[in-house]
Number of protein chains: 4
Amino acid sequence: MENMFEIAVVGAGRIGRIHAKNVAAHPRLRLKAVVDPVGDNAATLAAETGAVVSTFEAVLNDPAVRGIVVASPTDQHLDQTLKAMAAGKAVLCEKPIDQDLATARAAAGVLGGERPLLLGFNRRFDRHFGALKRQLDAGRVGPLESLLIISHDPAPPPISYVKVSGGLFKDMAIHDFDMARYLLGEEVTEVFAAASCLVDPAIAEAGDIDTAKTTLKTASGRICVISNSRRSGYGYDQRIEAYGAKGLLKADNVLESTVAHWGAEGPVLDAFQNFFLDRYAEAYRSEVEHFAAVMAGEAKPLVGFDDAVKALELAEAAAQSVKTGQVVKL
Amino acid sequence: MENMFEIAVVGAGRIGRIHAKNVAAHPRLRLKAVVDPVGDNAATLAAETGAVVSTFEAVLNDPAVRGIVVASPTDQHLDQTLKAMAAGKAVLCEKPIDQDLATARAAAGVLGGERPLLLGFNRRFDRHFGALKRQLDAGRVGPLESLLIISHDPAPPPISYVKVSGGLFKDMAIHDFDMARYLLGEEVTEVFAAASCLVDPAIAEAGDIDTAKTTLKTASGRICVISNSRRSGYGYDQRIEAYGAKGLLKADNVLESTVAHWGAEGPVLDAFQNFFLDRYAEAYRSEVEHFAAVMAGEAKPLVGFDDAVKALELAEAAAQSVKTGQVVKL
Amino acid sequence: MENMFEIAVVGAGRIGRIHAKNVAAHPRLRLKAVVDPVGDNAATLAAETGAVVSTFEAVLNDPAVRGIVVASPTDQHLDQTLKAMAAGKAVLCEKPIDQDLATARAAAGVLGGERPLLLGFNRRFDRHFGALKRQLDAGRVGPLESLLIISHDPAPPPISYVKVSGGLFKDMAIHDFDMARYLLGEEVTEVFAAASCLVDPAIAEAGDIDTAKTTLKTASGRICVISNSRRSGYGYDQRIEAYGAKGLLKADNVLESTVAHWGAEGPVLDAFQNFFLDRYAEAYRSEVEHFAAVMAGEAKPLVGFDDAVKALELAEAAAQSVKTGQVVKL
Amino acid sequence: MENMFEIAVVGAGRIGRIHAKNVAAHPRLRLKAVVDPVGDNAATLAAETGAVVSTFEAVLNDPAVRGIVVASPTDQHLDQTLKAMAAGKAVLCEKPIDQDLATARAAAGVLGGERPLLLGFNRRFDRHFGALKRQLDAGRVGPLESLLIISHDPAPPPISYVKVSGGLFKDMAIHDFDMARYLLGEEVTEVFAAASCLVDPAIAEAGDIDTAKTTLKTASGRICVISNSRRSGYGYDQRIEAYGAKGLLKADNVLESTVAHWGAEGPVLDAFQNFFLDRYAEAYRSEVEHFAAVMAGEAKPLVGFDDAVKALELAEAAAQSVKTGQVVKL
């Protein structure tokens, strides 16, 4: 069995750099090329990782490149993924596959089903959520009845980003929609979202909301609530509670260290990991590890194109619910 | 200032017994009489507390009786409260004031406004929720943005009780609706409830649901989610999370003791207080303490008739939302 | 069986007030008289509890008084206890029975053995330590191997008190020595104490120490360490760890409430109960409850004269170890 | 400045494998050679890491090899370190430098002082203890007054290992002695150890103890207690409490994940990391990172030969205290 794969990373921005370094450090992967049309990004990253700078065309045509990591701007995700798949590459594509649901759906014939296409829903690879999922699947709390996902960012992104982000549901809650589907174990049939702009009026001016509680319901009656906010005031808040017939499974936030300070102001724990690249550093490594296993034929993609479309459907339904003030049936 | 009050307790069932004992032990209160038409309940309780057995008529007409605790079956709450108020007594009435919203509203002229009528929403007197409320009011997390109330019972009541309970929203979630109003600081304008029967099909046969996630929204955009289940599998789950502009206030469950066991199965904490009479034993004492202060003119009722009606409105709205599958505007 | 007992409390200071109020509120006890020669203390307390002011002679000679709570200054504990026992009363005597070991031992013929004499080692009645003890006795961690007792006061007492206190070991650690014996399940044969004065030089000038780690060893090789400090800087620190063959039982500090604040400074828990009268309020109630059971013949004293002498022996041994810098064999 | 270093690892056992893989994955280091005379160990490890198999002589004489990791059996540590230093290599030597204090001291002229020799006291590189140390140094709890180090292994090693281990103090507690010195900030002047064999009689037959509480005292009066056991029953117990004038800093055990299970048996946390290679996986990476910085001249060794000798002195003093039953003055 083949055991060593050459990889190209397309996009040398924040996420591309993470993937490139994880590929470079992985014993089964070799980072061959970095692609980024913007300034010196590719050159800097290539120098740091021992890779070469290349172009998207060149890596598509290089038979030695077995896998491509698509970490370019969102509007190029779908196009580059289609081209890479057509060239016979395995692909790890950052989320979302596209901001437009119809456009994404249209690619189902080419991207859906069983293909070596892994979508970058990094939280599925998180140690803590993974442990919760395993215990849930093992029946530790019996059949799942309801779910609570708390997902609050430390602080809102710049307004310039908010304007092109696709909105809170597609940009931020998309991860939570995927996690909800992953844990619920059946498809959502109803979506209701209550949302407000409480964090920053500029977000409302940009046509978006910053605070939302979204309710999902499945055919068998399982209920999930997702709590989102663009600003927590205390770090990255990423928690899950899964209620079953026999009890609760609960994944909590990750602290910087186990050190507590007991002083005049009461017992103070160390801070929560504040930045998503810290909180999910290990998950990004596991994601790349899984990508290697997919290329080796040892695993099917844990999250594929169809999952990406389903998450996008939920995001659009939530946005529509906010617009109409009513429940959206799927 | 008057400083010692004679009290009659009407109803010697589970809750009546709690109130009678707390009255008897309070330095400013004297339990004079116990009223209960059923069997030996009154006699037993009177013997335990040094009170006499009496009738509702007799205590109404006894000028020495300054306050009456109404802890009778729900269908007598409103009638007895009206009569006691008419007789010039101070009243502590167990929740709900009535199961029927229209009936309750009709009593507003007599019971509403500033009167010595205290409604038994015991959770407002809980040490933990009280601490959360004080810190919220003190601005520790800035303006409130959203709220999460988790309120799961250890195990469902008997089906015979479910049938006459008025349904999950009026019987169980009514406490949570009151707490939501208490913390939100403004009235709710929209209610949406997703509900299922997942715990016991007999509950569905009785026309009720056992699992619900209810979303409340206020005029300024604050959002509250209430999670209810008739069965937790791990004890009484009573938690609140209040999200503000500067952070989160979080009240957790109360453990039987601080003792943890670290063994082969991992670190195990002591059990959660399982029964509401244990979890809220101190709150019931504080409630009676507050009732004494109300009678002494030192405090206005922390929760009065108008609050009871508002909570009932939310319960009816939630039930209607479940029936129609849509949002209910208030 | 007799079921209602009249009680006199001797000493209306801080601890006497606690006992008097707990006696007054107990359904099986009646506080008949309060005795205190100093100023208005007795009158104030009697007014608050519905008791009368009396003298020690009078309560000794009152056959209706079945039990006496000795909460006078330490130098009167032994004398009053001897007189009360001679008068046929049941006695709850505050710790220590005496500051002088030889004097205490001399009373063994009269006070030792099985008598209705309960010593006020309040921590044995604490809910949390009680739960630990029950689980230990039930074999949850197998045979005990070692023990860690952390007992740090919030802040040192006034120097005037330090001077007459008998020293850290007899005044403060005496509780820990009793707890060690209670949990170890066998007598201590070796004592070593390392001690310093780090909190306040005035304590050293008064001839005392303020920081100590004391090691106790039993014949079978069980080892206990007690950590003491006169000042914690974060509230009353009262923890126990009991290590057995199959794991650890761990009693932690008690928080004011379950409310946590998550903010910019990290997650902050509510404060530890700071004052021993708060931390042990429930234990003092349980102690009086137990005293009632002792008087009713339903229980033997959980902690008696012989325990008080043994704890005093350990305190003297620890002080001697500090003086000599060596291990003391018992 | 030189920025890439070739490294040889001597010893391909459990610890040597860890170091070799961390060296291989580090961007500034290249694993050139693996040395191990036993069977296929070296060949296997070399194949996994892309290194070559070599001999100790060869790597000493290879000018390209800048650093040597000594992870051979303990009795070769000192000899190999001396030879490697003589050959001008930087050395990372596993603890202990030697089991014999006199032998170790004799090497002070060659190994002591400021040399590129890093001793493998991995806990100094732990994220959690590092955070505690930084907060202590920053004065968050004021001057340190006392210290509590809890260090219990999950389960005892094989008796064959116990026999050659040098005893609990030199084999296991040596880490705690180093940590105590690191945190106390001044040298220990008195050592007292109470010890027993409670875990397994075979350990006593092998001449060792398995349970110990050791008290260290410094000239200024700071007191440290170290709790050791060869078997916890609940995983690897590695905790520190540092008491200062203004409060407490407390490092707790590390859990496998943040997932808790709330069920009929109470709230259960995920297990503690059980194996030292898991608990300290990140610390071993940071140690190699620091070794790279030492070679680059960017840092002085955080823990050097003199520290290793001092820790050995404390271990010998503790063993002597157990033998004599008395305090040992240094």
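Which strands of chain B does helix α2 (residues 41-49) lie across, and at about what angle does α2 run to β2(B)? The legends below begin with that view. The model is predicted: local features need pLDDT of at least 70, side-chain atom pairs count only at pLDDT 80 or more, and totals for chains, interfaces and linings use all residues. Residues are numbered from 1 along each chain as its sequence is written, chains are lettered from A and ligands numbered from 1 in the order written, and side-chain values use heavy atoms, without hydrogens and water.

**View 1. Helix α2 lies across β2 (29-35) and β3 of chain B.** The helix runs at about 160° to β2(B). Axes are lines fitted to C-alpha atoms, for helices over the stretch in contact, and angles run from 0 to 180 degrees between N-to-C directions. Helices (H or I, at least four residues) and strands (E, at least two) are DSSP runs, numbered from the N terminus.

**View 2. Six strands of chain B form an open sheet with parallel pairing.** The order is β3-β2-β1-β4-β5-β6. β3 (52-53) and β6 of chain B stand at the edges, each with a single partner strand, so one side of each has no neighbour in the sheet. Strands pair if DSSP finds at least two bridges between them. Four bridges join β5 (residues 90-94) of chain B to β6(B), and the two run parallel. Val91(B) stands opposite Leu117(B) in β6(B).

**View 3. Helices α7 (residues 127-137) and α10 (residues 174-184) of chain C cross at roughly 25°.** Their axes come within 10 Å. That makes α7(C) roughly parallel to α10(C), a term for angles under 35 degrees. Phe129(C), Leu132(C), Lys133(C) and Leu136(C) in α7(C) meet Met179(C), Tyr182(C) and Leu183(C) in α10(C). Contact means heavy atoms within 4.5 Å.

**View 4. A salt bridge joins Glu256(D) and Arg127(A) (3.8 Å, N to O).** The pair crosses between chains. Glu256(D) sits in the loop between β12 (247-251) and β13 (259-263) of chain D, and Arg127(A) in helix α7 (residues 127-137) of chain A. A salt bridge is a side-chain nitrogen of Lys or Arg within 4 Å of a carboxyl oxygen of Asp or Glu. The structure holds 100 of them over all chains. Glu256(D) is partly exposed at 27% relative accessibility, as is Arg127(A) at 32%. Buried means under 20% relative accessible area, exposed over 50%, partly exposed in between (1.4 Å probe, protein chains only).

**View 5. Arg124(B) forms a salt bridge with Asp307(B), with the closest N and O atoms 3.8 Å apart.** The partners are 183 residues apart: Arg124(B) in the loop between β6 (117-120) and α7 (127-137), Asp307(B) in helix α14 (residues 305-324). Both residues are buried. In chain A, Arg124(A), Asp178(A), Arg181(A), Glu187(A) and Asp307(A) are linked in a salt-bridge network.

**View 6. Glu190(B) and Lys329(B) form a salt bridge, with the closest N and O atoms 3.6 Å apart.** Glu190(B) lies in strand β8 (residues 188-196) and Lys329(B) in strand β15 (residues 328-329), so the pair ties together parts 139 residues apart in sequence. Lys329(B) is exposed, at 53% relative accessibility.

**View 7. Ile203(D) lies in helix α11 (residues 201-205) of chain D.** Ile203(D) is buried, at 2% relative accessibility. Leaving aside neighbours within four places in sequence, its contacts include Pro156(D), Ile159(D), Val162(D) and Cys197(D).

Note on methods:
Parallel < 35°, antiparallel > 145°, perpendicular 65-115°, else oblique.
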